[in-house]
Amino acid sequence: MYARIRPLLFALGPEQAHFVASTGARIAQNVAPSVLERMFAFAHPALSVQILGLTFTSPVGLAAGFDKNARLVPFFRMAGAGFTEVGSVTAQRSPGNRRPRLFRIPEDEALVNRMGLGNHGAERIAPRLKRLAHRPAFPMGVNIAKTHSPDILGERALADFASTYRRVANHASYITLNVSCPNTAEGKTFEDPATLDILLQHMDLLMTERRREGASRTPPLLVKLSPPEREQFVLDSLYDEILAVCAEHRVDGFVATNTLPHEQGGLSGPPLAARSTSLVRYLYTKTGGVKPIIGVGGIDSAEAAYERLAAGASLVQLYTGLVYHGPGLIKSIKQGLVRLAEEEGHSSISHVTGSRA
Ligand SMILES: Cc1cc2nc3c(=O)[nH]c(=O)nc-3n(C[C@H](O)[C@H](O)[C@H](O)COP(=O)(O)O)c2cc1C
């Protein structure tokens with residue numbers, strides 16, 4: 001069906017198309033949930049994954065940025081995703097960068113964006129998360145970032161992250177720290193190891209504060225990294241330093257990767273795949289496979305998803321692939337993963353993780 005809708009969407013600008021598709025998805029999730037569920041139905045026990053203290057009915061989820069304001073969580077559950085990642089949510093509401101800020105590269109099935117972390121802000125999004133958070137069978141991660149403003153630096157930046165964390169932590173299955181957005185207002189990220197160290201120290205304090213306040217659970221903390229500059233990298237001291245910092249603090253896993261810096265924006269889609277895969281493989285090998293990795297970047301087929309799992313990911317996420325192939329991609333990847341796992345003699349998809357790391 002998406003093959004018929006896509007030309008209409010692609011006749012619009014990329015951001016208008018996202019708006020139209022999201023509005024359609026919101027209407028469908030409200031008026032025709034059973035139609036959606038039937039259309040996208042595919043479940044298989046081999047797809048179940050248990051990590052981070054959570055159960056995922058499948059390893060295929062939605063990447064951050066698609067549903068920044070927590071409006072489409074039911075749609076992606078009905079479309080058969082195993083989990084979703086809302087956000088990036090920031091402390092203050094932000095309109096993001098000036099348009100145009102999203103571009104298609106159809107010949108590569110890629111996108112370039114400099115959206116600039118626009119979202120409704122943690123205060124408005126948190127009550128939506130609270131209403132959505134009661135579905136243990138559908139984990140909902142929340143991706144948090146610093147408010148998009150060059151004035152929020154140093155101590156203010158830490159307080160900004162903390163304010164978002166306090167608002168959303170109760171409702172998140174896991175939290176992802178987006179420290180790698182390539183198009184921040186101040187033109188730098190939190191990935192520099194010394195800066196990341198300070199941020200993670202602050203997160204440690206927040207988690208201790210939660211426990212002291214008697215919170216029933218503290219969501220696992222993941223760090224989202226940017227892709228390596230080169231496709232084939234073996235050893236990179238920057239990532240070694242980042243890993244050492246993460247190991248010192250309570251980081252439970254990684255999301256690899258964010259978009260690749262490209263002409264004042266971030267490149268996503270298949271051109272990113274080799275870099276993302278090589279970082280997943282590196283992280284898996286360096287950590288001895290004990291820290292779960294969510295693989296994201298250019299996954300647009302069951303083969304690509306399987307390769308990412310085999311390199312060391314426990315779960316995968318999609319964004320650009322959904323733009324080019326539609327939500328049916330989730331089901332076709334799940335079906336393909338079951339087939340590919342069977343062909344290689346794995347009774348469960350979780351056995352594929354790291355099998356070719
Ligand atoms: C338009 C757009 C907006 C995005 N916004 C965010 C965001 O707010 N936070 C984030 O962590 N990643 C964001 N991402 C990055 C995606 O989550 C993902 O890491 C990246 O696009 C690579 O996956 P893909 O090739 O499947 O698109 C965004 C990506 C795109 C294309």
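How many bridges join strand E10 to E13? In this predicted model, 3 bridges link strand E10 (residues 253-256) to E13, and the two run parallel; strands here are DSSP runs (E, at least two residues), helices are DSSP runs too (H or I, at least four residues), and both are numbered from the N terminus. Strands count as paired if DSSP finds at least two bridges between them. Within this pairing, Val-255 has Ile-294 of E13 as its bridge partner. A further 3 bridges join E13 to strand E14 (residues 315-318), again in parallel, and Gly-295 stands opposite Val-316 in E14. Both faces of E13 (residues 293-296) are covered, with Ile-293 and Gly-295 buried on one side and Ile-294 and Val-296 buried on the other. Here, buried means under 20% relative accessible area, exposed over 50%, and partly exposed in between (1.4 Å probe, protein chains only).

Salt bridges come next. The structure holds 9 of them, each defined as a side-chain nitrogen of Lys or Arg within 4 Å of a carboxyl oxygen of Asp or Glu. One joins Glu-209 and Arg-166 (2.7 Å, N to O). Glu-209 belongs to helix H7 (residues 193-212) and Arg-166 to helix H6 (residues 154-168), 43 residues apart. Another pairs Glu-343 with Arg-339, their closest N and O atoms being 3.6 Å apart. Because these two are 4 residues apart in helix H12 (residues 328-343), about one helical turn separates them. Glu-343 is exposed at 57% relative accessibility, whereas Arg-339 is partly exposed at 41%.

Residues are numbered from 1 along each chain as its sequence is written. Local features need pLDDT of at least 70, side-chain atom pairs count only at pLDDT 80 or more, totals for chains, interfaces and linings use all residues, and side-chain values use heavy atoms, leaving out hydrogens and water.
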